[in-house]
Amino acid sequence: MKLELLSAVELGRKIAAREISSREATTYFLDRVDFLDARVNAFVHVGRESALALSDQVDQALSSGQVASPLAGVPVALKDVLCTDSMPTTCGSRMLEKFQPPYTATSVANLLQAGLIPLGKTNMDEFAMGGSTETSFSGATRNPWSLERTPGGSSGGASACLAAGMAPLSIGSDTGGSVRQPAAFCGVCGLKPTYGRISRYGLVAFASSLDQVGPLAHTVEDLAASLQLLAGHDSRDSTSLNEAVPDYSAELERPLAGLRVGVIREHLEHPSLDAEVRQAVLRGQQMLKDLGATILDVTLPHTEYSVPTYYLVAPSEASGNLSRYDGVHYGFREKAENAEGSQLEAMIARSRSQGFGAEVKRRIMLGTFALSAGYYDAYYKKALQVRRLIADDYRQAFGSVDVLLGPVTPRPAFGLGENMSDPVQMYLEDLFTVGANLAGIPAISLPAGFSEGGLPLAIQLHAPALGEARLLNVAYQIQQARFFEPKIAELS
């Protein structure tokens, strides 16, 4: 049985029916990681012994009827930005190279409580800063569909391990598109939930008002099942929403007749949009129309300000969050031998200059400048004002439609190293994803076939805040209509 061809829910059903044990399933995927990951570099840590020990516990619990989760016994990969007390958490940085958290993130704890089996930690851009998983201290991750191209970022390891069939489910984080963009590049599904829907406790902070944990999977049903486990209020996270969690799986079968879909004009007509990606969005539009939806033209007039606003807000918050990594309180420490002046200041300067990579330093400097006296009003305060206008655009749009349709990325996966010397071009790859983070609303990336060059294409759907149930319902109906089929990249 080729387990990599099963969805996570299908695998969970077979484990629950005792057709296969959790240990057998866990061993199967661990062996695929051993065989394939030397070429993909999706994992930075694999916990074989801990995963097998945990799978034995879950098998025993299932035998005695102590676990009822639909995903009990199913292996899962965790982005290396989520704290785990049983595995290192490096955030792709030399700064945290030897960091072993003393606690576990709430989102991970929820998965463990439901009987899922963490296989290990997946590669990512350093502190989630990047769009290609090339800024990781552990080296670049490669796209399983074309090993000379990026898997996207920063959850590139989380998406690549799915595309290569090394895990049936993975968990990432999305600050400006870091779940949806890599999902699009690797041909899998990725969900960025409403800000506050999933606890951020134990998620290492990049930009606190934008960060959100999100699942990646081969099917929409898997996203719904995993969100069911991840969502909920957490008193340890002051931004966690104290709202009831719907039964996401129960909503999937709802017909789409009467659904109002807005096609984002500024996204579909943007000059940077690749022709094949545009055609994929138009095919999605026709599919929704065939399913009974009404298609409307929608405008988000402040779209052109999304990227500059994001790249002022996110680095400003990052400059504060990363100030704790000074070689004293946290992280890598470099000695200050033979330094002139204060030994303490020299030690901190050397620790930060050698512990952080170039992209992290660039964003710290950008954020520090935007927050500095004399420039705060001109940059950071202005960015917050524009952020409100962008959020108002979405609110106004959702006054006339139920969901929004558009592209995820301007083009299919780009080549390794292609944007590394041009950070502005790298930032523009986020053009269609950062708006959801600035507005705090949910969005989903869905596969949409392949380009003539064999690279995955994708479409994106947005919904109002806390509209995940409707968003997953629409995405599920599209998948059921065979708009896309889950596929695994073949690596020889």
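**Exercise 1. Describe the span 24–472 by its end distance and its helix and strand content.**

Step 1: The end C-alpha atoms of residues 24–472 lie 31 Å apart. Step 2: The span is 37% helix and 13% strand. Helices (H or I, at least four residues) and strands (E, at least two) are DSSP runs, numbered from the N terminus. Step 3: An unreviewed UniProt entry places "domain: Amidase" at residues 24–472. Such annotations may be inferred rather than shown by experiment; positions follow the numbering used here, and feature names are shortened.

The model is predicted: local features need pLDDT of at least 70, side-chain atom pairs 80 or more, while totals for chains, interfaces and linings use all residues. Residues count from 1 along each chain as its sequence is written, and side-chain values use heavy atoms, without hydrogens or water.

**Exercise 2. Find what lines the largest pocket.**

Step 1: Its space is about 350 Å³. A pocket is an open set of points on a 1 Å grid over the protein atoms alone, where a 1.4 Å probe fits, with protein on both sides within 12 Å along at least five of seven lines; lining residues have an atom within 4 Å of a point. Step 2: Of 18 lining residues, S7, E10, T219, Q479 and P486 are closest to the centre. Step 3: α1 (8–16) and α16 (468–480) each supply at least two lining residues. α16 gives the most, three.

**Exercise 3. Locate the residues nearest the centre of the second largest pocket.**

Step 1: This pocket holds about 270 Å³. Step 2: Its lining has 15 residues. Step 3: Nearest the centre lie Y103, V204, R324, Y325 and Y330.

Key
Grid points are joined across faces, edges and corners, and a volume is the space filled by probe spheres set on the points.
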